[in-house]
Amino acid sequence: MRHDKAEIAHLLTHLDLGSSVAEEDTLLERARVETSAFSELWLDKVDLIPGTRGSGKSALYRIFVDYLADSLLDHRKVVIAHGVQRHGDPVFQAYKTQFEQLDEEDFVAFWCIYLISLAHEHFVKDERYRDYLAECSDEVARFRELCSRARIPEIDALRTLKQILAWGLAVLATWRPKVTWKLPAEAGEIGLDLFGQPLENQDLQEIDTYLPTYVTPIKEGLQEILRKSNLSLWLMIDKLDEIFERRSDVERRGLRGLLRVMRVLNCPEIRLKIFLRDDILEQIVAGGEGFTALTHITARQADKLTWSEDQIVAMVVKRIFGNEPLREYLRVDQDRLNASPKYQREAFYQVFPDKVYRGANQSPTHRWIYNHTADGKGVVTPRDVIDLLTAAKRWQQDECTADASGTTEWIISPAAIRHGLAWLSTRKRTTLLSEFPHLWAHIEKFVGGKTEYSESAIKRLLGKHWKATCEDLAAVGIMSRFAGGNGCSYKFPFVDRAGLELTQGRVD
């Protein structure tokens, strides 16, 4: 089927593929693909959801917080309280100096205060749950009294995240006063000699920290409210990679403290649901000091967020045909699109060519996109696919607009897809610079080189510590190691090649 270029230019002008950044994605709910992580979270089988950057952690978080909260309450009797700033909001950075003064035990206490405050603000004080709590006045009064004893303030108006953090740090100073802070509203300074109480010996070995004195009674008070109201509470936290300076000691202490709190607060009535990048998780639990509570945490850990070819195709077509003009132009049936993977594939190829490159051995386009957006660990993320197709759509739109006469065989052409990959690769180079500055001196040695290196070539290029460097590069998905007929070799994934100006070939 051939298409009028002027009409395609018009359709592409109004084609919205959504955003690769979950907080800005207007198609998030409409284009939802229910992965195994979604199902396990809905059924309360997991509390820790790890995944690589762009794999959909924040999208999953937003789906539950913004779109499924009412369904969870109606069907599962689950209340969601959520925290941590939206993308790019530097609220936590405002308290950088205070956080740097906290050790890991302090962070356990801080996160307890923070999460109790979320439960207070998003559940106990929230008007939406008034009817559920109508018979719980005694339990609510008891909970508020316990919070008051712990110096967690009762404020009539809802508090902002910044206010909660300010009070959390101020309350912490009364719990474990290793430093002093000025209280909000010029209320003076706190510096009392109060300490936490040790856990039972068995728990102490598992958590390797001290449980603040006030936490257990407050937790039990909250449990009583939940039991009486026949509800459960999920405390959901996302964007943890934006709280502290990346790869800093304070990030390590802060996030280790948060993981320990999962062991402190989790119970049948209360669940702490944490969305965390897998590379950060690996980093903060590694090291000589170990992490003795890890087995209890990983017992309710989801598999790393991964996407199959079919799931990526489903995501793409739901986004494309969420746009009514193009759906009507191609006469795509929305109900069949949502129900049938076979029909999704058929709809995909109404927009895209059958292959990106001609030739008997070339992959079909959906597989080509999947393989060429995979990182060195073989991980394909929705973010990279959306970015590639958005760049391809813009290129095709400009192409059809520049010469609107005649017809075109494809709505999105092979040339547009190749352009989208090159654009994505260049963007990922910028990401490498910002995300992994400690590795850039090593990565830069490969810029302008080849796509594959033998072990001996790697040794010459990287020097004495080549093996550790290669392990670091492989861990973040920049390269992968293969064993073949010519011995071991290291390859760069397709998605990074254009950005690093690599040409096909092997260095021996």
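The questions below go through some labels and the values behind them.

Modeller: Bear in mind that this is a predicted model. The protein has 24 helices and twelve strands. Of its 508 residues, 55% count as buried.

Biologist: Where is D47 found?

Modeller: D47 is in the loop between helix 2 (36–42) and strand 2 (48–51).

Biologist: Why is D47 called buried?

Modeller: Buried means under 20% relative accessible area. D47 has a relative accessible area of 1%, so D47 is buried.

Biologist: Which residues is D47 in contact with, leaving aside its neighbours within four places in sequence?

Modeller: They are M262, N266, R271, L272, K273, I274 and R300.

Biologist: What makes the pair of D47 and K273 a polar contact?

Modeller: A polar contact needs N or O atoms within 3.5 Å. The side chains of D47 and K273 make a polar contact at 2.8 Å. The side chain of D47 also makes one with the side chain of N266, at 3.1 Å. Both values therefore fall within the 3.5 Å cut-off.

Biologist: How do you know that D44 forms a salt bridge with R271?

Modeller: The rule asks for a side-chain nitrogen of Lys or Arg within 4 Å of a carboxyl oxygen of Asp or Glu. In D44 and R271 the closest N and O atoms are 3.6 Å apart, so the pair is a salt bridge. This pair links distant parts of the chain: D44 is in the loop between helix 2 and strand 2, R271 is in strand 7 (residues 270–277), and they are 227 residues apart.

Biologist: Are D44 and R271 buried or exposed?

Modeller: D44 has 17% relative accessibility and counts as buried. R271, at 15%, counts as buried too. The cut-off is under 20%, so both labels follow.

Biologist: What ties R277 to D241?

Modeller: A salt bridge, with the closest N and O atoms 3.6 Å apart. R277 lies in strand 7 and D241 in the loop between strand 6 (232–237) and helix 11 (249–265), so the pair ties together parts that are 36 residues apart in sequence.

Biologist: Why does D241 count as partly exposed?

Modeller: Partly exposed lies between the buried cut-off, under 20%, and the exposed one, over 50%. D241 has 23% relative accessibility, so D241 counts as partly exposed.

Biologist: What makes the pair of K5 and D403 a salt bridge?

Modeller: Their side chains meet at 3.7 Å, N to O, and the limit is 4 Å, so the pair qualifies. K5 is in helix 1 (residues 5–13), while D403 is in the loop between helix 19 (382–402) and strand 8 (407–408), 398 residues apart. K5 counts as buried at 12% relative accessibility, whereas D403 is partly exposed at 38%.

Biologist: How many salt bridges does the rule give?

Modeller: The count comes to 35.

Note on methods: Residues are numbered from 1 along each chain as its sequence is written. This is a predicted model: local features need pLDDT of at least 70, side-chain atom pairs count only at pLDDT 80 or more; totals for chains, interfaces and linings use all residues. Side-chain values use heavy atoms; hydrogens and water are left out. Helices (H or I, at least four residues) and strands (E, at least two) are DSSP runs, numbered from the N terminus. Buried means under 20% relative accessible area, exposed over 50%, partly exposed in between (1.4 Å probe, protein chains only). Contact means heavy atoms within 4.5 Å. A polar contact is a pair of N or O atoms within 3.5 Å; within protein, one must be able to donate a hydrogen and the other to accept it, and residues adjacent in sequence count only if both atoms are side-chain atoms.
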